[in-house]
Amino acid sequence: MLFACVHHLLLDEPEHPLAAWYPNLVVGTPRTDDPAPALRQLCAERRDELAALLATRRTQTNEVGRSALFVPVFGLLADEIGPLAHLDVGTSAGLTLLLDRFHYTYEPGGTLGTPGPIRLTCGTRGAVPIPTEMPDAAAHVGLDEAPIDVGDDDAVRWLQACVWPDQADRFHRLRAAVDLARSVGVDVRRGDAVTTTPHLVDELAAVGHPVLTSSFVLTYLTSGARRAFLAVLDDLAAERDLTWVFVEIPAAVPELPVLDAASDQTALVIVRWRSGQRRAQHLAEVHPHGYWIHWNRQEIARQGGAGLV
Ligand SMILES: C[S@@+](CC[C@H](N)C(=O)[O-])C[C@H]1O[C@@H](n2cnc3c(N)ncnc32)[C@H](O)[C@@H]1O
């Protein structure tokens, strides 16, 4: 938090001497000698602001790179079930709602999408089903209990401040995605994953097959809320088919349908409800920020949560 708060101040004052150590803020080569004196100087100069930030902020992120994990799964689903209607639960600023506007290079696997400022590269291992064209979605809607408004400069600065400054590619693509979201708009609604999802699924089912995505969200819910979320999806599936694709660390979300509830390797899991029956598949181990996918699709026999099926 201290480093995020310092970063937040530097984003507002990139001419401060400490910024010379920040790979995302310098043009050219960042300094690599001891930054402690400059850090102490900034902390002394901006002590009150730092204290206020530390007292009031929580870490907040929106990782654009995770889009590279969802695109192959959307391709599978579009082939299987037709037009999709996308609901991203825990969407933060809603940047992954723009996933069909980014450019992807899968290595190996080929390229996909729109050439532009947001270019994601993802290493692949195994038979990752890279689509030949961008899967179509009739709608992209985001849901978050505390959404980030991309029009709010301070909120966006905080989002940027929570990216480690030595991961300059993440930082720059976040900036580019915020610019894109500002120009094309993102449909982000405020609400709770458990209580608001049913209304949004109802709304989206009118335009396509509801596909819910979530990445690093269920880990923020209590154990009871994770079970309740799964039970909500089970209930919704009594009325209609739907699909949920999640990216989480299984050990942090053992109530969900995961292959190995002790695993600390980020998992990409698809849960399909068809004619009221729930079926879950572990699709891959993935990099938490979408830099690689190791495809090793396996059925998940154990059913977490409400225990339907
Ligand atoms: C770590 S961020 C991940 C954001 C985004 N999914 C991504 O991968 O970049 C977790 C997000 O989940 C949201 N969140 C946490 N609990 C929630 C809940 N009960 N309902 C809706 N959103 C929630 C937080 O506000 C935050 O924006």
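View 1. Sort its residues and you get 7 nonpolar, 6 polar and 5 charged. For the sorting, Ala, Val, Leu, Ile, Met, Phe, Trp, Tyr, Cys and Pro are nonpolar, Asp, Glu, Lys and Arg are charged, and the others, Gly among them, are polar. There are 18 residues around the ligand, and G90, S92, E145, A193 and S215 come nearest. A residue is near a molecule here if its C-beta atom, placed from the backbone, lies within 6 Å of it. Keep in mind that this is a predicted model: local features need pLDDT of at least 70 and side-chain atom pairs count only at pLDDT 80 or more, while totals for chains, interfaces and linings use all residues. Residue numbers start from 1 along each chain as its sequence is written.

View 2. For S92, a residue other than glycine, phi is near 60 degrees. You'll find S92 in the loop between β1 (84-89) and β2; strands are DSSP runs of E with at least two residues, helices are runs of H or I with at least four, and both are numbered from the N terminus. S92 counts as buried because it has 21 C-beta neighbours inside 10 Å. Now look at S275, where phi is near 50 degrees. The cut-offs: 20 or more other C-beta atoms within 10 Å of a residue's own means buried, 12 or fewer means exposed, and in between is partly exposed, with C-beta atoms placed from the backbone.

**View 3. A cis peptide bond joins E107 and P108.** Omega for this bond is about -10 degrees. P108 belongs to the loop between β2 (103-107) and β3 (110-113).

**View 4. Helix α5 has several buried residues.** In α5 (residues 153-161), the buried ones are V156, W158, L159, Q160 and A161. What do they pack against? Their partners are α1 (2-12) and α6 (168-184).

View 5. Domain 1 covers 2-56 and domain 2 covers 64-300, with bounds from an automatic or database domain assignment. Their C-alpha centres lie 32 Å apart. Where they touch, 9 residues of domain 1 are in contact with 9 residues of domain 2, contact being C-beta atoms, placed from the backbone, within 7 Å. The domain 1 side of this meeting has 5 nonpolar, 3 polar and 1 charged residues.

How values were computed: Two residues are in contact if their C-beta atoms, placed from the backbone, lie within 7 Å.
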